[in-house]
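The following report covers the overall fold and then a few residues in turn.

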Amino acid sequence: MTVLGIGATAPDFNLPRDGGGRVSLSDFRGKPLVLFFYPKDDTTGCTAESLAFTALADEFDAAGAAVVGMSPDSVSCHERFIKKHGLSVALASDEEKTTLQAYGVWKQKSMYGRNFMGVERTTFLIRTDGTVAMIWQKVKVPGHAEDVLKALRNLTA
């Protein structure tokens with residue numbers, strides 16, 4: 001399993017996204033990127049996290065950063081999720097789970113005594129040169145988007 005650390009080169013990706021088209025890490029060269037991985041569209045925690053990043057979208061933009069969410073859900077699922085909740089963050093679809101694996105967030109999980117593979121909620125702050133500046137693992141949603149924004153501001157100060 002891939003384990004990325006601070007200072008590592010973030011793996012590139014080229015994935016379909018909401019609204020048609022594709023999104024890749026190389027699209028953001030020269031600009032910081034907040035890349036948040038989440039388990040599933042339209043679930044309580046994932047909705048709260050996506051809404052929090054949407055609420056701060058203007059502040060992330062003012063700090064010069066882009067924000068992209070990623071899950072294994074399909075593009076059509078992402079589009080329904082965005083429409084239902086009025087989200088403004090870009091959502092990438094990794095149905096093949098290649099990027100999830102490259103970032104080390106596709107992991108064995110356990111719930112109610114049942115083991116299964118799934119996304120461990122994780123956020124990466126990627127510098128303008130494509131290296132990892134910060135990693136938040138096993139994210140607890142309340143206050144998380146604010147913590148990421150603070151770290152971004154410190155990075156770009």
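How many positive and negative side chains does the chain have, and how far apart do the centres of the two sets lie? There are 18 positive and 18 negative side chains, with the centres of the two sets 5 Å apart. Lys and Arg are counted as positive, Asp and Glu as negative, while His and the chain ends are left out. Each charge is placed at NZ of Lys, CZ of Arg, CG of Asp or CD of Glu.

The model is predicted, so local features need pLDDT of at least 70 and side-chain atom pairs count only at pLDDT 80 or more, whereas totals for chains, interfaces and linings use all residues. Residues are numbered from 1 along each chain as its sequence is written, and side-chain values use heavy atoms, without hydrogens and water.

**Overall fold**

Five helices and nine strands make up the secondary structure of the chain, in the order β-β-β-α-α-β-α-β-α-β-β-β-β-α along the sequence. These elements are DSSP runs numbered from the N terminus (helices: H or I, at least four residues; strands: E, at least two). Along the principal axes, the C-alpha atoms fill a box of roughly 45 × 35 × 30 Å.

Of contacts (heavy atoms within 4.5 Å) between residues at least 6 apart in sequence, 63% join residues at least 24 apart. The chain exposes about 7,700 Å², of which carbon and sulfur atoms supply 50%; the areas come from the Shrake-Rupley method with a 1.4 Å probe.

**Selected residues**

Of the 157 residues, 48% count as buried. Buried means under 20% relative accessible area, exposed over 50%, and partly exposed in between (1.4 Å probe, protein chains only).

| Residue | Relative accessible area | Class |
|---|---|---|
| D58 | 67% | exposed |
| S24 | 7% | buried |
| H144 | 3% | buried |

D58 belongs to helix 2 (residues 57–62). Its C-alpha is 23 Å from that of G21, at a sequence separation of 37 residues.

S24 is part of strand 2 (residues 22–24). Its side chain makes a polar contact with the side chain of S26 at 3.0 Å; such a contact is a pair of N or O atoms within 3.5 Å, one able to donate a hydrogen and the other to accept it. Beyond neighbours within four places in sequence, S24 touches D12, F13 and N14.

H144 sits in helix 5 (residues 144–156). With neighbours within four places in sequence set aside, H144 is in contact with E49, F53, T123, W136 and V139.
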